[in-house]
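User: I would like to learn how to read contacts that involve aromatic rings. Please start with the general idea and then go to the case.

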Amino acid sequence: ERPAALRGTATLAGVTRQRRGPFATGDQVQLTDPKGRKHLLVLGEGRTFHTHRGSLAHDDLIGSPDGTVLNSSGGTPYVALRPLLADFTLSMSRGAAVVYPKDAAQIVAMADIFPGARVLEAGAGSGALSCWLLRAVGADGLLVSYERRSDFAEIARANVERFFGGPHPAWQLRVGDLTEIAEIASNTADAGPAGSFDRVVLDMLAPWEFTRVAAEALIPGGVLCSYVATVTQLSRIVEATREQGSFDEPTAWESLVRGWHVDGLAVRPEHRMIGHTGFLVTARRLADGAVPPPRRRRPAKGAREEPTEGSAKGLAEEPAR
């Protein structure tokens, strides 16, 4: 068997080829018309792309450099480029809703997903976030993705393999429920024992049910990152992370993206923007036996049940002096 560091090298070499050089049969190409409408296609010899603005022969693109401008039979110019991962994410086949590029980028950055990292993901959904995580960990890393629904898992597998041009050597997709971290170790030697993951990413309906599993999976200093859609989910995952007792104080936020129209002196914000898509919560795993320091800020009056004077809960929420 090939050494772990060399496993899948040929596959990744094929992926690199698909991202560079002239267009070849099997490459994905994004065609953009003058109005900014985008069309994603896979090149094949003898095929033709048809729109209401005319047709384009795939053979005219095969062998052409990335960034070619080609006119359709109706005279409309199209810019041909390899799709960025952000473009692919928004156009991929969907089972579950996809994680938007702005949130995926925040997860990769703020959860500090690094080359060679061992990451546990639940759930895989349509595979959008899996693509971002796999590109971040690289061939020497590991991504173990859990998905409860087998139909979603198949969509995720197809999307990931479509983007990378085949199976990614660092990816293990499992159909099932993330309940016991011991199951991961027993299912595969590559996944490692409990407590061997650098990062845990939870993208599911009730992530607060798995804070203990996340704590067992993570190494000391590892990062738990949860992605939720609603305010009630945000409240529950933050409180559950605090109450679990193995993490430092969680951080919660959302990101909003607003484009700008720039045309000469006509410079203004776009009328439409990518507003709320989800909330992100991160927390660091403490060392075994470490006790989280008391919170320095007293909760707002009425935010929770008032503790009795002198109780353990009341003392824990006293501001540090």
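Analyst: Tyr78 is buried, with a relative accessible area of 1%; buried means under 20%, exposed over 50% and partly exposed in between, with a 1.4 Å probe and protein chains only. This is a predicted model, in which local features need pLDDT of at least 70 and side-chain atom pairs count only at pLDDT 80 or more, while totals for chains, interfaces and linings use all residues. Residues are numbered from 1 along each chain as its sequence is written, and side-chain values use heavy atoms, without hydrogens and water.

User: How many aromatic pairs does the structure hold?

Analyst: Rings of Phe, Tyr and Trp (its six-membered ring) pair if their centres lie within 6.5 Å; planes under 30 degrees apart are stacked, over 60 edge-to-face, the rest tilted. The structure holds three such pairs. Phe49 and Tyr78 form an edge-to-face pair, at 6.5 Å centre to centre and 85° between the planes.

User: Which parts does the pair of Phe49 and Tyr78 tie together?

Analyst: Strands are DSSP runs of E, at least two residues, numbered from the N terminus. Phe49 lies in strand 3 (residues 48-51) and Tyr78 in strand 6 (residues 77-81), so the pair joins parts 29 residues apart in sequence. Phe49 is buried at 14% relative accessibility.

Phe163 and Phe164 also pair edge-to-face, with 5.1 Å between centres and 85° between planes. Ring pairs link Phe88, Phe163 and Phe164 into a cluster.

User: Which residue has its charged end over the ring of Trp132?

Analyst: A charge sits over a ring if NZ of Lys or CZ of Arg is within 6 Å of the ring centre and within 35 degrees of the ring normal. Arg135 does this at Trp132, 5.9 Å from the ring centre. Arg149 lies over the face of Phe152, at 3.9 Å from the ring centre.

How values were computed:
Helix = DSSP H or I, 4+ residues; strand = E, 2+ residues; numbered from the N terminus.
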